[in-house]
Amino acid sequence: MKIRDVAYRLLTAALFVLLLGASQVQAQLADEPVANLSEAETLRLRQILDTLIDPSKLNASKIELFRQKSIAAFKLGDFVAMEKNAREWALVEPVDGKWSLMSVLAGTEKRAESYKLAQELINEVAFKPNAVRLRAQLARYYMEDNRLKDAKQLIDEAEKMVRFDLSQVPRRGDTPFYIARAEMEFLVVKSNYLMRTGRWAEGIEGSKLAVAKGKEVLRLASQVQVELWRTYAQSNVLFAMANLSTHQLAAGLYADAEWTLRDVFKLAKAQGFQEKQLFGLNNRVADLYVATGQYKDALQFAQRSEQISLAAGFQKGSPNWVFTQMRAGVALAGLDAWPQALANLEEIDLQIERIKAPSSLANRGDLRAYIYLKNGRQVDALRVLRGSLKFCIDNFGSSHYLTASVRGLLAVALLQNNLLTEARTEFDTAMQNITSPESLTGNFVESAFQKKTRHYILQSYMQLLAKSAATQPKDAEILFQVADQLNASSVQQALSDAAVRAGVSVPGLSEIIRQEQDAKNEIATLTGYITGQGGEDDKRRNPLVVAQMQARMRELELARKEYKAQINKGYPDYFQLIQPKSPSPSDIAQQLKPDELFVSILPMEDQTFAWAIDSTGQVNFHIAEMGEKQSHSVIEKIRKTLDVAHLGERAPMFDYAASHQLYQQLLSPFDAALMGKKHLIVATSGALANLPLAVLTRSAFSGRNAAQAPWLVKDLAVSHVPTANGWLSLKRLGRTPSAQQALIAWGDPVFDAKLPVQVALLESTAPNSSVRSVATLRSADLMPRNVLDPDTYVNYSKLPALPETRDEVLELAKILSANAAQDVILGAQATRESVLKSSISGQLARKQVVVFVTHGLLAGDLPNLNQPALAMAATQNPADSPLLTLEDVLSLKLNADWVVLSACNTAGADGRAGEALTGLARGFFYAGSRSLLVTHWSVESESAMMLTTKTFAAYKGDARIRRAEALRQAMLETMKVSRFSHPAYWAPYALVGEGGR
């Protein structure tokens with residue numbers, strides 16, 4: 001049979017689509033001579049192009065020469081020759097030659113002719129698999145031109161062929177391969193259409209189907225005799241997988257994207273692809289690590305891409321090289337390597353000028369201006385930002401997130417240029433859409449770098465407000481509210497995403513959420529296209545398409561504004577979770593008792609802002625000359641002398657000097673306000689959220705007996721809260737009568753379903769230790785992991801078991817007079833399903849105390865884990881997830897005074913772990929818990945049991961005692977035991993949430 005395929009040149013183009021992405025390929029096919037070819041190679045390729053085709057030769061010989069000429073023209077960047085060759089080829093081979101010409105013209109200003117050829121081919125291509133592929137390819141072009149109705153019609157035609165016509169094609173010889181390939185290419189384009197129209201969940205599922213079909217293509221490829229077609233199939237399968245990772249990145253499913261990219265690299269290696277062929281995949285990995293804030297890794301992969309690009313012959317200054325350098329620039333900025341980031345920009349500009357190839361690819365105004373600002377080039381930043389703001393307003397509207405972000409940076413530049421009045425105006429306008437957008441959840445998923453930029457804008461705004469806060473009460477109130485938003489912002493997106501997923505199951509709310517999210521996703525896709533058009537040169541811009549997209553964005557934004565209003569009116573608690581409103585100091589004061597003090601602490605780049613509020617409304621404001629990096633360093637010093645219980649008598653002395661230094665900087669200025677107070681409520685974020693403030697010393701101490709140190713906890717009970725707004729929500733919840741039944745607890749889950757007698761196995765194999773491992777999967781894993789090591793992964797079954805916690809859980813049940821046989825779920829029974837069932841049945845809502853003795857996991861610790869979770873018992877059914885995720889937590893129905901997370905790492909030293917704690921805490925609070933008791937480091941079993949049992953004994957024994965005070969008394973009692981006087985033993989637990997009664 002005659003194979004109706006695009007010629008070899010299209011294989012090369014397909015490979016470059018995999019490597020560079022479609023838009024870059026079109027740019028290259030159009031007019032860029034990017035390869036540094038040797039003189040000999042240039043001469044050889046030119047000779048091929050100049051070779052005349054003998055009209056008397058057989059068509060097969062002519063076609064082979066056409067293919068060679070196409071490759072030569074591509075390598076030389078000679079688009080004129082490429083088009084000329086394709087036109088001659090089309091006369092000899094009407095289908096393959098015409099298809100080649102159509103593909104060449106599609107990336108040029110001759111798009112209309114390409115469409116005409118495509119329509120002719122639709123009438124001429126008889127082989128059904130290729131008829132499907134042709135429609136899929138043309139639908140992709142239509143989507144690029146915003147002709148969505150035309151694209152949908154072609155996709156529907158192709159889908160009908162896939163469902164009905166392909167089943168009628170005789171499956172002889174290598175035909176199954178061509179059928180599977182057509183199905184795969186159709187699924188790729190359909191998934192792209194779904195993503196383009198905002199139906200991201202469906203689009204991602206479609207991409208997964210394309211990948212599954214691609215694996216079938218690889219299996220069938222051995223039936224094909226022509227090596228060319230096998231290689232073509234391999235490249236298309238890799239592209240389908242890379243396409244899935246792109247969709248996952250767009251949706252913020254970073255853990256999914258990481259594992260998809262692992263699979264791509266693994267398959268590429270197995271199929272024999274060389275590293276130089278994986279240029280684009282390295283760029284995708286760099287994008288992933290920028291999105292997750294792993295900037296060192298992002299820089300590594302951007303540099304790998306540059307090396308591959310240069311080795312392949314692409315010049316410095318060419319678009320391919322610029323793409324790698326812009327990624328490197330973001331990574332350097334993320335690392336705060338500002339001089340290097342500036343040098344990177346200057347090198348890009350120099351090389352673009354050197355090769356005389358003007359390009360707007362490097363004109364990313366927000367990044368460029370941010371780098372200028374951090375290098376003292378405020379005038380340059382101002383110039384860039386004025387132009388960028390005009391572009392954003394013209395293309396996205398004044399309320400779009402990107403517009404607000406650029407406006408915020410402009411305000412920073414104005415501030416640094418001492419144009420204070422104009423700066424204030426721009427800040428106030430930007431803040432409205434950065435912190436309280438008209439839509440429910442913003443315009444797209446923020447990357448870590450976009451969050452970093454937003455933090456920089458908000459901190460600069462706070463510095464401006466601080467200048468007038470002493471004399472302007474309104475500015476002082478705004479300053480406090482912005483600080484609370486900054487404290488909340490690190491986890492708000494993860495919490496919002498989980499809340500959206502959980503809300504989909506709520507009758508009435510679900511349909512509004514789906515419509516709102518589809519609109520959000522479509523706006524994100526439109527934004528990406530319009531932004532890309534801003535980076536094209538005049539020849540490749542399409543103003544008509546951009547105008548159509550802008551009109552569609554305006555429609556969607558109006559719809560989202562209405563959806564937000566509907567949710568705010570009908571589901572106010574859910575709305576507050578998604579888009580919390582920061583309270584004023586007076587709001588806080590109204591909820592405080594006379595013996596309570598509320599302190600909010602916000603570490604910033606060079607300083608730390610702190611507020612103390614009492615019940616009378618008195619507000620004390622202090623600026624500490626200790627920035628984020630310095631406070632992080634001090635906290636690290638303290639923690640190194642806290643997570644030491646496993647060392648026993650070899651444990652180092654507690655770092656009293658660092659502890660007192662932190663107290664002096666942050667709390668000592670409020671000593672007068674602390675006089676006579678019994679309960680300190682502290683809102684913190686970042687590194688400070690990873691330290692229980694009970695271990696701060698109020699005066700210098702150098703003694704040997706830790707029990708005699710001037711610990712803050714000796715004078716005050718301490719409650720930690722993520723935000724002021726969160727604390728107020730808990731105070732409102734406290735008006736609900738407490739549940740009447742004592743306790744329900746899950747403990748010692750079996751992580752390996754193949755080991756039902758887990759305790760016996762551990763007793764025979766584990767070393768004798770009384771210290772619980774509180775390891776994350778990342779720290780437990782002994783092998784370094786990244787996408788280049790696809791065979792290294794964490795095994796859930798290898799999580800450290802926790803048999804020693806059984807006694808603690810049973811003792812708690814005894815103290816609280818619970819029925820251990822019914823209310824304590826251990827071992828293989830401690831499953832996720834058992835938790836969900838207890839919620840559905842109403843059992844969970846009847847318990848005052850809810851206990852989880854297990855490990856806490858972070859997003860990315862396991863394949864496809866995109867949110868924090870608690871590790872529950874594995875089951876024999878691999879389809880049953882053992883993870884109680886944040887999304888699950890939001891769906892629980894609680895009325896608990898306490899949720900105890902014992903042995904969890906969720907309050908560990910890792911910054912991501914602190915975010916996981918905050919996310920889980922707010923999830924449990926939304927579900928109906930008033931407070932959490934969490935561990936900050938590995939705990940010794942006997943002291944841990946003493947702490948928890950004494951805490952709950954005190955709480956049960958005195959109906960008026962605060963939760964924070966019950967924990968304080970337990971800490972002091974434990975501290976009195978000489979072997980537990982070190983804070984490693986008495987201070988690992990912190991109360992998070994409402995510490996009152």
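Contact here means heavy atoms within 4.5 Å of each other. Helices (H or I, at least four residues) and strands (E, at least two) are DSSP runs, numbered from the N terminus. The model is a predicted one, where local features need pLDDT of at least 70 and side-chain atom pairs count only at pLDDT 80 or more, while totals for chains, interfaces and linings use all residues. Residues are numbered from 1 along each chain as its sequence is written, and side-chain values use heavy atoms, with hydrogens and water left out.

H21 covers residues 420–435, and its 16 residues should span 22 Å at 1.5 Å a residue; the end C-alpha atoms sit 21 Å apart, which agrees. The expected span is 1.5 Å times one less than the number of residues.

Phe427 turns up again in the largest nonpolar core, which has 169 residues; Phe427, Met462, Ile588 and Phe598 touch the most other members. Helix H10 (residues 175–196) gives the most to this core, with twelve residues. A nonpolar core is a set of buried Ala, Val, Leu, Ile, Met, Phe, Trp, Tyr and Cys residues joined through side-chain atoms within 4.5 Å. Another core lies apart from it, with 71 residues, among them Leu597, Val718, Ala813 and Ala944. As for Phe598, leaving out residues up to four places away in sequence, the residues that phenylalanine 598 touches include Phe480, Ile588, Trp611, Val721 and Trp727.

Trp727 also meets glutamate 994, through a polar contact of 3.5 Å between the two side chains. Such a contact is a pair of N or O atoms within 3.5 Å; within protein, one must be able to donate a hydrogen and the other to accept it, and residues adjacent in sequence count only if both atoms are side-chain atoms. Glutamate 994 sits in the segment after strand S14 (989–993) and counts as buried, at 6% relative accessibility. Beyond its neighbours within four places in sequence, glutamate 994 is in contact with Trp727, Leu730, Lys731, Arg930, Ser931 and Arg963.

What about S14 itself? Five of the five residues of S14 are buried, so the strand is largely enclosed by the rest of the structure. Strand S13 (residues 931–935) pairs with S14 in the antiparallel sense over five bridges; two strands pair if DSSP finds at least two bridges between them. Within this pairing, leucine 932 stands opposite valine 992 in S14. Elsewhere, an open sheet of three strands runs in the order S9-S10-S11, with antiparallel pairing.

Finally, the aromatic rings. Rings of Phe, Tyr and Trp (its six-membered ring) pair if their centres lie within 6.5 Å, with planes under 30 degrees apart counted as stacked, over 60 as edge-to-face and the rest as tilted. By this rule there are 24 aromatic pairs. Phenylalanine 609 and phenylalanine 621 have ring centres 5.4 Å apart and planes at 90 degrees, so they are edge-to-face. Phenylalanine 609 counts as buried at 1% relative accessibility, whereas phenylalanine 621 is partly exposed, with a relative accessible area of 33%.

Note on methods
Buried < 20%, exposed > 50% of the residue type's maximum accessible area, 1.4 Å probe, protein only.
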